[in-house]
Amino acid sequence: MEKLLEFRNVNYFYQTKNDEIFALNNINFDVGKEEFVSLVGPSGCGKTTILSLTAGLLKPSSGEVILDGEKKIDTKKIGYMFQRDMLFEWRTVWKNITLGLELQKPKDIDKKLEFAEQLLKKYNLESFKNRKPRSLSGGMRQRVALIRTLVLEPKLLLLDEPFSALDYQTRLTLCDDVSEILKNEKKTALLVTHDISEAISLSNKIIVLSKRPAKVKDEIHLSLSGKTPLKKREDKEFGKYFDLIWSELTNEKEQKSD
Amino acid sequence: MKKNKKVINFSQSHKKYVKKLKKDRFLIIFFRIFILVCFIGLWELLTAHKILDPFFFSSPSRIVKTLGDLIEAGTLFHHAWVTLFETLIGFLIATVLGYIIAILLWWNEKVRKVFEPYIIVLNSLPKIALGPVIILWVGAGTSAIVLMCVLICIVITTMSMLSAFISCDEGKILLLKSMNANKIQILFKCVLPSSMPEFISVLKINVGMSWVGSIMGEYLTSKAGLGYLIVYGGQIFKIDLVMTATFVLCLLAYLMYFLVSLLEKRYKK
């Protein structure tokens, strides 16, 4: 499989006034094109740091982050989706979706605006086009946030716990939605999550990280039957994967308390 | 989210609820007017029966008469206009300048830290203390009054707006950064629009403060204006004039506040 993202011996230190925190310890992994990869690990282990490095918001202390064959990260190839939807309350849904286009002013803007219209229609948000975000439900808001990201046609989507602020039912439905949208649009995604079953149901590959300073503890390739994430949860293997990752993570915690 | 908010068949309890809402609203308006009528009536009554000396307390009928006299003499609008003009100019300069300074301080953190203690000192200084110096610097007259007005409003404008800019949602800024936005774009797309509620409350504060500034300025130095009328009336013991000028002042200040609240309603839509 062709690689879209590569982490090569990446180390990262956070510097504060009184301390230097060793966050990432020699991280190596790849994300292939059209793959869905999840990062799981104990809280505060540096999962979001990995996303920030990928987005070019941080620079590695040492090692290399290679995106689409280039060491200099082109932010236009990245779409970042956050835990909170970050919709701008003073803008309409449409104005929120086209925010990135306003900023980047791409040459093919007409084509992208048309694409935005299509996405709105496809994901049942067209009638809310001129509404302000406050009249939308949590799930709809996250869908708007996802469309805002997709409109820019990024090669790689970074998802930082985009479902964690939602209630359980919305979360499961939105997972299906997102998975479908990403498949339809042929996107590659890197997801950070605390939710092991979410990771298993969505991903082709799961990277298990150790506690800080984070190392790659395990790389698990999954092949579950079932077309949607919800259906995948019914697969017999699902439980096995869950137990495997759970034991790796709890193992971490025990070591931590030693 | 329900799409159809318009439900045709209201239940009985809903009708009751709406009725109660209407009744409450009516009561509030009624008592507002009631208090005003009582206040004016009592004032008139007490002064008419010399329980309160109208020489010191004036009275509503005397105020109306003075108002009529001033309008007849053609001086009321002149005085009101002078003060209104000073207030508006001071209000505008202070708001625009204070806003721009806040943006500059937001832009550069080091500059902000350097100026922080100065702003705090300026904020706690009673600006009236600068009165004599202002007159020496810009001369007695309109410019001194406007300057007083600006000094009173500008520090609070800068401080409030700066704190609003700084408390702009970090996540939203991060989102813009991840979309390759530069600092100017971050400012115009996120920091300024998200601080609109604070800006409106600054406008409201400044409406009050700019009147304080212009009246204080007129106390210091003036040949016309409502503040001038108040000082003049006080000096010649014409309390009617003082009260009348104060009444007009109330009306104008309320009008200005009303305009700002219209702006607020428009924004909230």
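In chain A, helix α4 (residues 109-122) and helix α5 (residues 138-151) have axes that come within 10 Å and cross at roughly 155°, where axes are lines fitted to C-alpha atoms, for helices over the stretch in contact, and angles run from 0 to 180 degrees between N-to-C directions. That angle makes α4(A) roughly antiparallel to α5(A), given that angles under 35 degrees count as roughly parallel, over 145 as roughly antiparallel, 65 to 115 as roughly perpendicular and the rest as oblique. Helices and strands here are DSSP runs numbered from the N terminus (H or I of at least four residues for helices, E of at least two for strands). The crossing of α4(A) past α5(A) is right-handed, a crossing being right-handed if the near helix is turned clockwise from the far one by less than a right angle, and left-handed if anticlockwise.

This is a predicted model, in which local features need pLDDT of at least 70 and side-chain atom pairs count only at pLDDT 80 or more, while totals for chains, interfaces and linings use all residues. Residues are numbered from 1 along each chain as its sequence is written, with chains lettered from A and ligands numbered from 1 in the order in which they are written.

On the α4(A) side, the contact with α5(A) is made by Lys112(A), Phe115(A), Ala116(A), Leu119(A) and Leu120(A), and on the α5(A) side by Ile147(A), Leu150(A) and Val151(A); two residues are in contact if their C-beta atoms, placed from the backbone, lie within 7 Å. By class, these residues comprise 7 nonpolar, no polar and 1 charged, with Ala, Val, Leu, Ile, Met, Phe, Trp, Tyr, Cys and Pro counted as nonpolar, Asp, Glu, Lys and Arg as charged, and the others, Gly among them, as polar.

Helix α5(A) also lies across β5 and β6 of chain A, running at about 170° to β5(A). These strands belong to an open sheet of 6 strands in chain A, with the order β5-β6-β7-β3-β8-β9 and mixed pairing, where two strands pair if DSSP finds at least two bridges between them. Because β5(A) and β9(A) (216-221) stand at the edges with a single partner strand each, one side of each is left without a neighbour in the sheet. From one strand to the next, the twist averages 15°.

Strand β6 (residues 156-160) of chain A is largely enclosed by the rest of the structure, because 5 of its 5 residues are buried, that is, each has 20 or more other C-beta atoms within 10 Å of its own C-beta, placed from the backbone (12 or fewer would be exposed, and anything in between partly exposed). Leu156(A), Leu158(A) and Asp160(A) point one way from β6(A), and Leu157(A) and Leu159(A) the other way. β6(A) pairs with β5(A) in the parallel sense over 4 bridges, and Ile78(A) stands opposite Leu156(A). With strand β7 (residues 188-192) of chain A, β6(A) also pairs in the parallel sense, over 5 bridges, and there Leu158(A) stands opposite Leu190(A), while Leu159(A) stands opposite Leu191(A).

Where the chains meet, 17 residues come from chain A and 13 residues from chain B. β5 (78-81) and α3 (99-104) of chain A each supply at least two residues of the side that touches chain B, and α3(A) gives the most, with 3 residues.
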